[in-house]
Amino acid sequence: MMSLLQRPLALLDTRLFEGVALLVVRLALAAQFWRSARTKIVDGSWLEIDPITFDLFRDEYHIPVPEITGVMATYAEHALAALVMLGLATRFGAAGLLVMTAVIQLFVYPEALWNPHVLWFGLALVLLARGGGLFALDRAFDRSSNARVALR
């Protein structure tokens, strides 16, 4: 009976399965921030910040200097989400999104801890702990990872 369970469970303990799981984690986290970033941009433009963004930062979020913080948040959401999606500098991107989540939690929506911020924290922490995985561009630049694969 135990061997019937061990074989399927062994499939879960492979680099391929972990790679797929980390790809899903990367896309799930990055998508949240990418969609948020796109709401701060003028429709039809690539990175032209909508003036409403500054009003939102000033009036609803009560963030100081909205002309600077709005621009920083918009560009950071785009850049960090893109890095995480691609798996390029995954840990750096995940750390940035973790910090952004903490700022959102503490200063913007403190009542939203369990939904959705704890999920974003968890996804970012997984990426910080494990990296981007098998399907990340990080692997192309990581010589030690390529050496380990060659030795197996």
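In which helix is Leu 83 found? Leu 83 belongs to helix α4, and the legends below describe close-up views of a predicted model.

**View 1. Leu 83 in helix α4.**
Leu 83 has a relative accessible area of 21% and is therefore partly exposed. The cut-off matters here, because a residue counts as buried under 20% relative accessible area. Leaving out residues up to four places away in sequence, Leu 83 touches Leu 88 and Phe 92. Arg 26 lies 57 residues from Leu 83 along the chain, and the C-alpha atoms of the two are separated by 9.4 Å.

**View 2. Helix α4 and its buried residues.**
Helix α4 covers residues 66-86. Its 21 residues reach 29 Å from the first C-alpha to the last, which is close to the 30 Å expected at 1.5 Å a residue. Buried in α4 are Pro 66, Gly 70, Ala 73, Thr 74, Glu 77, His 78, Leu 80, Ala 81 and Val 84. An α-helix has 3.6 residues a turn, so residues three or four places apart point the same way. The partners of the buried residues of α4 are α2 (15-38), α3 (51-60), α5 and α6 (113-130). Just after α4 comes Gly 87, with a positive phi of about 75 degrees.

**View 3. Thr 74, a buried residue of helix α4.**
Is Thr 74 buried or exposed? Thr 74 is buried, because its relative accessible area is 0%. Apart from neighbours within four places in sequence, the residues in contact with Thr 74 are Ala 37, Lys 40, Ile 41, Ile 49 and Thr 53. Ala 37 is itself among the buried residues of α2.

**View 4. The packing of helix α4 against helix α5.**
Two packed helices are described by the angle between their axes and the distance between the axes. For α4 and α5 (residues 90-108), the angle is about 140 degrees and the axes are 8 Å apart. The two helices are therefore oblique to each other. The crossing in which α4 passes α5 is left-handed. On the α4 side, the contact is made by Ala 73, Ala 76, Glu 77, Leu 80, Ala 81, Leu 83 and Val 84. On the α5 side, Thr 90, Phe 92, Gly 93, Ala 94, Gly 96, Leu 97 and Met 100 take part. Sorted by class, this contact of α4 with α5 has 10 nonpolar, 3 polar and 1 charged residues.

**View 5. Helix α2 and what covers its buried residues.**
Helix α2 has 24 residues and reaches 34 Å from its first C-alpha to its last, close to the 34 Å expected at 1.5 Å a residue. Gly 19, Leu 22, Val 25, Arg 26, Leu 29, Ala 30, Phe 33 and Ala 37 are the buried residues of α2. Their cover includes α4, α5 and α6.

**View 6. The crossing of helices α2 and α6.**
At what angle do the axes of α2 and α6 cross? They cross at roughly 135 degrees and come within 10 Å. That angle makes α2 oblique to α6. The crossing is left-handed. From α2, the residues Glu 18, Leu 22, Val 25, Arg 26, Ala 28, Leu 29, Gln 32 and Phe 33 meet Trp 120, Leu 123, Ala 124, Val 126, Leu 127 and Arg 130 of α6. The residues in this contact of α2 with α6 divide into 10 nonpolar, 1 polar and 3 charged.

Conventions
Residues are numbered from 1 along each chain as its sequence is written. This is a predicted model: local features need pLDDT of at least 70, side-chain atom pairs count only at pLDDT 80 or more; totals for chains, interfaces and linings use all residues. Side-chain values use heavy atoms; hydrogens and water are left out. Axes are lines fitted to C-alpha atoms, for helices over the stretch in contact, and angles run from 0 to 180 degrees between N-to-C directions. Helices (H or I, at least four residues) and strands (E, at least two) are DSSP runs, numbered from the N terminus. Angles under 35 degrees count as roughly parallel, over 145 as roughly antiparallel, 65 to 115 as roughly perpendicular and the rest as oblique. A crossing is left-handed if the near helix is turned anticlockwise from the far one by less than a right angle, and right-handed if clockwise. Contact means heavy atoms within 4.5 Å. Ala, Val, Leu, Ile, Met, Phe, Trp, Tyr, Cys and Pro count as nonpolar, Asp, Glu, Lys and Arg as charged, and the others, Gly among them, as polar. The expected span of a helix is 1.5 Å times one less than its number of residues. Buried means under 20% relative accessible area, exposed over 50%, partly exposed in between (1.4 Å probe, protein chains only).
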